[in-house]
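Open the model in your viewer and keep the sequence panel beside it. Each stop below says what to select and what is there.

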Amino acid sequence: MSHQSELISTDIHAYLAQHERKQLLRFLTCGSVDDGKSTLIGRLLHDSKMIYEDQLAAIQRDSLKSGTTGGDLDLALLVDGLQAEREQGITIDVAYRYFSTAQRKFIIADTPGHEQYTRNMATGASTCDLAIILVDARYGVQTQTRRHSFIVSLLGIRNVIVAINKMDLLDFEQTVFARIHDEYLEFAGGLGFTDLRFIPISALHGDNVVRRSEKTPWFSGEPLMDVLNTIEIAADRNLADLRFPVQWVNRPNLDFRGFSGTLAAGVLKKGDAVLALPSRRRSRVKAIVTYDGELAEAFPPQAITVTLEDEIDVSRGDLLVRPGEEPTLDSRFTAHLVWMNDAPLIPGRQYLLKLATRTVAGAVARIVHRIDINTLATHAAEQLNLNEIGLCELALSAPIAFDPYARVKATGSFILIDRLTHATVAAGMIVRAAARQEQWHPVTPAERAVRFGQRALIVWLTGADRRPAARQLERRLFDRGYTCLVLDEEASPAQAASMARQIKAAGLICICPSDEPPTGLADDPAQLVIDAQALDLEALIALLALPAAAADQPAYEI
């Protein structure tokens with residue numbers, strides 16, 4: 001089953017050319033913890049003779065001190081290389097391995113099964129054409145099995161192999177295989193998988209991995225390796241809609257100006273008419289340049305540099321498309337979000353959104369619903385916690401060009417980035433542009449509170465030192481990150497009260513130095529009367545940090 005052929009010893013150049021022309025299949029292994037994902041990859045590499053002798057010797061030594069197979073060869077150590085992974089016997093980060101057969105080249109992503117590392121699983125799945133979902137035959141379909149299956153579906157992977165592993169521990173009972181087969185089908189019937197196959201295997205001993213096992217005479221399907229070699233994946237690529245995100249303007253000298261990037265979808269030919277978004281300026285392709293020379297046409301996912309016949313303004317983040325086949329250009333859309341941060345997603349909070357090569361500021365305007373990954377039922381939600389998945393409406397500071405993820409993956413997927421830490425907090429798959437009736441609705445006080453990260457208040461400062469105390473309070477609150485404004489007391493009490501209410505309605509903290517604050521404030525928790533001499537900044541900040549639900553508490557007075 002190795003990729004070796006006679007050409008490697010007789011004509012190395014012909015062998016390399018033959019190897020280069022092989023189709024590439026990217027796939028991942030996923031599922032619940034301890035289902036045998038890493039062991040399966042090690043078995044695939046071992047039985048297809050893609051492990052070097054020194055690697056095999058090192059694994060044999062490491063199996064004695066770090067293995068989980070009682071001193072026998074632990075093939076999981078081939079991909080679980082981190083010290084923490086070997087100490088705990090789990091996969092933490094995504095590990096990539098490469099091998100080939102006579103038919104194909106493969107890139108395998110071994111992803112972790114722990115719920116804590118779901119973000120790593122989503123990262124590994126984002127570039128794959130096929131998913132192998134492992135299920136421990138002893139336990140059947142678990143919560144993490146369902147979560148990974150749903151994420152695979154969201155990421156547009158339509159080719160799925162359910163490998164029911166550790167069948168050797170249950171004497172390869174057909175009834176066990178049939179029960180898990182039916183249980184998984186009941187859950188995954190609505191996930192949209194176009195090619196779903198079930199294989200009973202033992203990754204530890206190699207049954208039905210590379211060769212058919214004699215221990216499963218009741219199984220008429222192909223072993224896993226045969227399926228990987230023959231499954232059709234070319235139809236999953238979009239060759240109709242031209243999408244070329246510009247990553248870099250290549251200007252090596254005065255006579256050359258090209259636009260470099262990876263062709264995301266469609267076929268681009270020399271002489272084709274193109275439209276640049278968002279400027280909507282038109283031109284034609286003058287040349288398609290690569291390191292190896294010019295091409296007559298390019299296909300995804302080739303990395304190319306495009307030169308145009310006209311000198312139009314195109315920059316990083318722009319998108320070249322075919323006129324008449326434009327994506328949606330809008331600042332608002334709905335998308336499925338996989339939340340990856342310990343801090344929950346709260347609508348209104350500002351993030352950076354990166355889609356293809358474009359980065360813009362934006363926020364989650366609202367959570368349409370949260371998805372229960374066990375039943376796929378939807379529920380109303382005010383926030384998303386770590387590893388939860390929801391349908392959300394996003395609002396951006398500028399229009400961007402996008403497609404539904406089901407149509408074009410590259411221009412339909414994005415990540416959300418925390419503006420302070422620059423950590424990736426969510427992965428998103430666009431469903432559609434937001435309907436106009438969804439886009440226009442009044443801005444609520446709760447939305448303003450989340451945007452500014454504070455509770456809107458009116459602070460009336462009294463006493464002889466009220467004016468310098470007001471300026472000092474403004475500076476100290478501003479330095480702490482609060483948005484506030486001092487209202488000069490020269491206005492009449494009625495005018496000051498009216499202006500203060502307008503400032504508070506905008507979500508700000510209004511500081512009013514006044515010796516005659518309005519009467520009747522005792523029952524208004526949003527208006528505080530404070531003696532400037534007795535001002536306690538920390539007590540005031542504690543009140544500003546209270547949630548909106550605390551608005552019915554008594555007024556704070558000193």
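**Stop 1: a loop asparagine**

Select Asn 208, which sits in the loop between E6 and helix H9 (224–230). This is a predicted model. Check the backbone of Asn 208: phi is near 60°, a positive value in a residue other than glycine. Most residues other than glycine have a negative phi. Is Asn 208 buried or exposed? Asn 208 counts as buried, because its relative accessibility is 0%.

**Stop 2: a loop alanine**

Go to Ala 356, in the loop between strand E18 (350–355) and strand E19 (358–371). Ala 356 also has a positive phi, about 55°, although it is not a glycine.

**Stop 3: two cis peptide bonds**

Most peptide bonds are trans. Now select Leu 277 and Pro 278: the bond from Leu 277 to Pro 278 is cis, with omega near 15°. Pro 278 belongs to the loop between strand E11 (273–277) and strand E12 (281–290).

Next, pick Pro 300 and Pro 301. They are joined by a cis peptide bond, with omega about 5°. Look for Pro 301 in the loop between strand E14 (297–298) and strand E15 (303–308).

**Stop 4: a helix pair**

Show helix H7 (residues 143–154) and helix H8 (residues 174–188). At what angle do H7 and H8 pack? The angle is about 45°, and the axes are 11 Å apart. That angle makes H7 oblique to H8. The crossing of H7 and H8 is right-handed.

H7 contributes Thr 145, Arg 146 and Ser 149. H8 contributes Glu 183, Tyr 184 and Phe 187. The residues of this contact divide into two nonpolar, two polar and two charged.

**Stop 5: aromatic rings**

How many aromatic pairs does the model hold? The count comes to eight aromatic pairs. Tyr 184 and Phe 198 form an edge-to-face pair, 6.0 Å centre to centre with 80° between the planes. Tyr 184 lies in helix H8 and Phe 198 in strand E6 (residues 195–200), so the pair ties together parts that are 14 residues apart in sequence. Both Tyr 184 and Phe 198 are buried.

How values were computed. Residues are numbered from 1 along each chain as its sequence is written. This is a predicted model: local features need pLDDT of at least 70, side-chain atom pairs count only at pLDDT 80 or more; totals for chains, interfaces and linings use all residues. Side-chain values use heavy atoms; hydrogens and water are left out. Axes are lines fitted to C-alpha atoms, for helices over the stretch in contact, and angles run from 0 to 180 degrees between N-to-C directions. Helices (H or I, at least four residues) and strands (E, at least two) are DSSP runs, numbered from the N terminus. Angles under 35 degrees count as roughly parallel, over 145 as roughly antiparallel, 65 to 115 as roughly perpendicular and the rest as oblique. A crossing is left-handed if the near helix is turned anticlockwise from the far one by less than a right angle, and right-handed if clockwise. Contact means heavy atoms within 4.5 Å. Ala, Val, Leu, Ile, Met, Phe, Trp, Tyr, Cys and Pro count as nonpolar, Asp, Glu, Lys and Arg as charged, and the others, Gly among them, as polar. Rings of Phe, Tyr and Trp (its six-membered ring) pair if their centres lie within 6.5 Å; planes under 30 degrees apart count as stacked, over 60 as edge-to-face and the rest as tilted. Buried means under 20% relative accessible area, exposed over 50%, partly exposed in between (1.4 Å probe, protein chains only).
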